[in-house]
Amino acid sequence: MVDATHKFFNASDRSYFAIIKKEVHALALQHQFTEKRIAETDLIIAELTSNLGKYATGGYILLGWNEWLQGGYIEIISVDNGPGISDTGRVMFDGFSTSNTLGHGLGSIKRLSDFFDIYSLKGWGTIVVSRIFKTAQPITGLKTFPEIQPLVLAKQGETTSGDGFVLRKGDRSIKLMLADGLGHGPDANLAVNEAAKAFHNIASNSPVEIIRHMHSSVRKTRGLVAMICIADLVKKTVSFAGVGNISTKLFGVNQTVKSILCYNGIIGHNIPGTMNDNILPIDSFQELILCSDGIRSRWDTAKFTGINRCDPMIKAVALLKDFNRLTDDSSVVAIKFKR
């Protein structure tokens, strides 16, 4: 079932920390982590929430489960609006502290995590990403390219998301869709899931043909908007087609930015009679970002100095942090084509 990729947990006050720790522990149990892995996961969330309590304002935790790599992993993302860190490398050393404590927090999180990344700006805040794999082992080949990191959150107060991300990976191509069912809640989620079924049931490599197939398949739902992207790994091209208000931008090798425009309409209700695939050479671009309309349309990455060195999820979270409307489901998909 297509749904939110992450859950949002308010961590602006210590009173929330016990709930967050319980949720993380339950997720590890649900996916049958070993006792050792569960203990390590417990320590990571304890350190993250401790840091939020000591240093941050307006903090929150995003918690997700991803099955794409090596048996699956729990992803814990800490976000805050605190003072930021001027030297993230320095604070990773044990013994460094700005609050008269032992200073083992971030270093411990990094050691216990199978993947760890951090991004911070003075006066803006800090994002920490920790991934804990179900099977602890030397992790090799994690930086497969393209790197694809989806972040989909349900509107606060809803139990299911009307936004959805769908991915099909093959030897010759990678097909993905970011969809947004009209409105939010269960009916919007139903529309996205019906579209996902249609997306998986057609073998075409044309985004336009896939949209037309979905259009006829979701007529009985409230409808949706969507952007479809297909990367042909043999021809080294990337093709697009979208209907509705999914914001899509390609970032070039020379800091150029190209917006991919969607056609007007609603899939399942009315789409244009004439649409064409937009086909571009994949080697001309380093990164692709897609956002649903839960993210303000004038989103921009220019202020995030040095963020291109980070994992794509860091950029997705940074955009959510600064541009989330908070009135709808919200999605950011960040894809890195090149190292």
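1. The accessible surface of the chain is about 15,400 Å², and carbon and sulfur atoms hold 50% of it. Areas follow the Shrake-Rupley method with a 1.4 Å probe. The model is predicted: local features need pLDDT of at least 70, side-chain atom pairs count only at pLDDT 80 or more, and totals for chains, interfaces and linings use all residues. Residues are numbered from 1 along each chain as its sequence is written, and side-chain values use heavy atoms, with hydrogens and water left out.

2. For 339 residues a compact globule would have a radius of gyration near 20 Å, and the chain agrees at 20 Å. This radius is taken over C-alpha atoms, and the globule rule is 2.2 Å times the number of residues to the power 0.38. The C-alpha trace spans about 65 × 40 × 35 Å along its principal axes.

3. Of the 339 residues, 53% are buried (under 20% relative accessible area; exposed is over 50%, partly exposed in between, with a 1.4 Å probe and protein chains only).

4. The chain has six helices and 15 strands; these are DSSP runs, with helices (H or I) of at least four residues and strands (E) of at least two, numbered from the N terminus.

5. Two loop residues deserve a look. Most residues other than glycine have a negative phi. Lys236, however, has a positive phi of about 60 degrees. Lys236 sits in the loop between strand S9 (224-232) and strand S10 (237-243), and is partly exposed at 44% relative accessibility.

6. Leu326 also has a positive phi, near 70 degrees. Its loop joins helix H6 (312-323) and strand S15 (330-336). Leu326 is exposed, with a relative accessible area of 59%.
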